[in-house]
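Rolling a probe the size of a water molecule over the atoms shows where empty space is left.

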Amino acid sequence: MIRFTRVQKVYPRTGVALDDVTFGVGKGEFVFLTGPSGSGKSTILKLIFADELPTSGEVKIANVSSATLRHRDVARLRRKLGVVFQDFRLLEDRTVEANVGFALEVTGAPASVIRPRVARLLTQVGLASKAHALPPELSGGEQQRVAIARALANDPVVLLADEPTGNLDERATRGVFQLLREINGTGTAVMMATHDLDLVKRSDCRSIEINHGRIVFDTGDNSPGVV
Amino acid sequence: MTLATREALLAFRRAPMLSALSVTTIAFSLFAFGLFGLVALNIREALSKLEDRVEIRAFVGDGTAIESSAAALGDIQAFPEVATAALGDIQAFPEVATAALVTPTQALERARSELGEFSDVFDAGILPASIDVRLKPGFRDPASVRAVAARIRSYEFIEDVRFGEEWVEKLYQIRNVATIAGTVLGLTFALVAVIIIGSTIRMAVLARAREISIMRLVGATDSFVRRPFLIEGALKGAMGGTVALFLTWATNEIIGRVVFSAEFFDVRLSVAGIFAGALIGLVGSAVSVGRHLKSV
């Protein structure tokens, strides 16, 4: 599903962000990415959703290689992925329903498909009753659930979560994590970058620790995932 | 209604102040251009009216008895056959709009009516007959006038050809200066308008940078992101163009009442102005969004 092969990422101003990173994530896996701030966790996620390209090495996502990826292929690749962030990134002047539906609208899906799908997704994340609310009217945990519902709109093969619980209290964190586990249970691979080591320890999921742009620890066997 | 159109229209509701600012900026940029256009139009009209007066007058020699008697009788049919045939020739010149025979009697009447209180200074028979030639627009420059005059002069019975060479030269110079100045000023005004409008639209694009990044994040293609901005830009441009047209019309009306009556754009030019606004808005948006999409 995800395969990093000897990936190096160098930023012109800040220098090496990732160095010789190799790992794989298989279909339906749940993987934590841990490490201190600036260690390279977010860079790995950005390379996966093609917000960045590797300086050297290869990133392969669902049979799409960074070596042959063209600018126009990026949109299609992103429709196979779902991404959630610490700051939710919702359109604050649109309702919860519109925010989730937006991810389907960009694919050209007709309204007859969008409406029931959005209703189903909002039910899945427990926000069916808030469909007409605006994001600022929701709690942090609820906003993150909206972001997760939006990320799931196009049935992604991988859900990427960059510090999704970073802005949430403990209860909301548990709720969001539980939701991510449920999604993973349906067969969607989840890759979650987090600082919350307690959360990592409490779960039995694989974790990859990054430091100074290198993998220092991987509880998985580091064998190539299903590509 | 397509998603792109809906998004474009919603942008006006979501950011009414910024949208109003954009439309106002576009309107005033185009208003300045419109005022310039109005001045240019009126100068062109005035010069065109002056150019209408460019005329070649070929005086028919009075060496033949037939001609003299015909002139005395004021009978155009009695002109020498050769002159009548030549008139047909001259009328067939590609540069010639009209060519008319003026008998001595007609010439005398014309001179008297033009001179008013001095109408009695001429005696019958002192003015020669002539062929008065007016040229088509586009052939009123000194070279064309001179060429036609030379061809008319080549007829044996033509004694003299006059066309106010100095006046034609001066008029042509004024027209050239007006055309060059008009083109340079027009392009400058248009460029300034495009830069101002482009900056305004870029501001609108930057204000929605977050929205654009979210659109791309969920898999929107560049063309999908671009479409609502293009529609929005074209709409703002058309609205700005309409406001500018109204302001230009109002200014023209005020000048008409206070100073002098001036020509205004015809319907075709007015519609073209609104379309130009829409086009500038469209191109400005395309450039701004394109640059933004490349930079993120």
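In this predicted model, the lining of the largest cavity draws on chains A and B. Chain A supplies A:R78, A:R79, A:L81, A:G82, A:V83, A:A103, A:R150, A:A151 and A:N154, while chain B supplies B:L217 and B:V218. Two elements of chain A, β6 (81-85) and α5 (140-152), each give two or more residues to this lining. Of the elements, β6(A) gives the most, with three residues. By class, the lining of the largest cavity comprises six nonpolar, two polar and three charged residues.

The second largest cavity is lined by residues of chain A: A:L47, A:I48, A:A50, A:E52, A:L53, A:V59, A:I61, A:V64, A:S65, A:S66, A:L69 and A:L77. Here the elements that give two or more residues are α1 (41-48), β4 (56-61) and β5 (64-65) of chain A. Nine residues of the lining of the second largest cavity are nonpolar, two are polar and one is charged.

The volumes and the classes of lining residues are set out below.

| Cavity | Volume | Lining residues by class |
|---|---|---|
| Largest cavity | about 80 Å³ | six nonpolar, two polar, three charged |
| Second largest cavity | about 50 Å³ | nine nonpolar, two polar, one charged |

How many cavities of 30 Å³ or more does the model contain? The count comes to three cavities of 30 Å³ or more.

Technical notes:
Residues are numbered from 1 along each chain as its sequence is written. Chains are lettered from A and ligands numbered from 1 in the order in which they are written. This is a predicted model: local features need pLDDT of at least 70, side-chain atom pairs count only at pLDDT 80 or more; totals for chains, interfaces and linings use all residues. Side-chain values use heavy atoms; hydrogens and water are left out. On a 1 Å grid over the protein atoms alone, a cavity is a set of points where a 1.4 Å probe fits but cannot get out, and a pocket is an open set with protein on both sides within 12 Å along at least five of seven lines; lining residues have an atom within 4 Å of a point. Grid points are joined across faces, edges and corners, and a volume is the space filled by probe spheres set on the points. Helices (H or I, at least four residues) and strands (E, at least two) are DSSP runs, numbered from the N terminus. Ala, Val, Leu, Ile, Met, Phe, Trp, Tyr, Cys and Pro count as nonpolar, Asp, Glu, Lys and Arg as charged, and the others, Gly among them, as polar.
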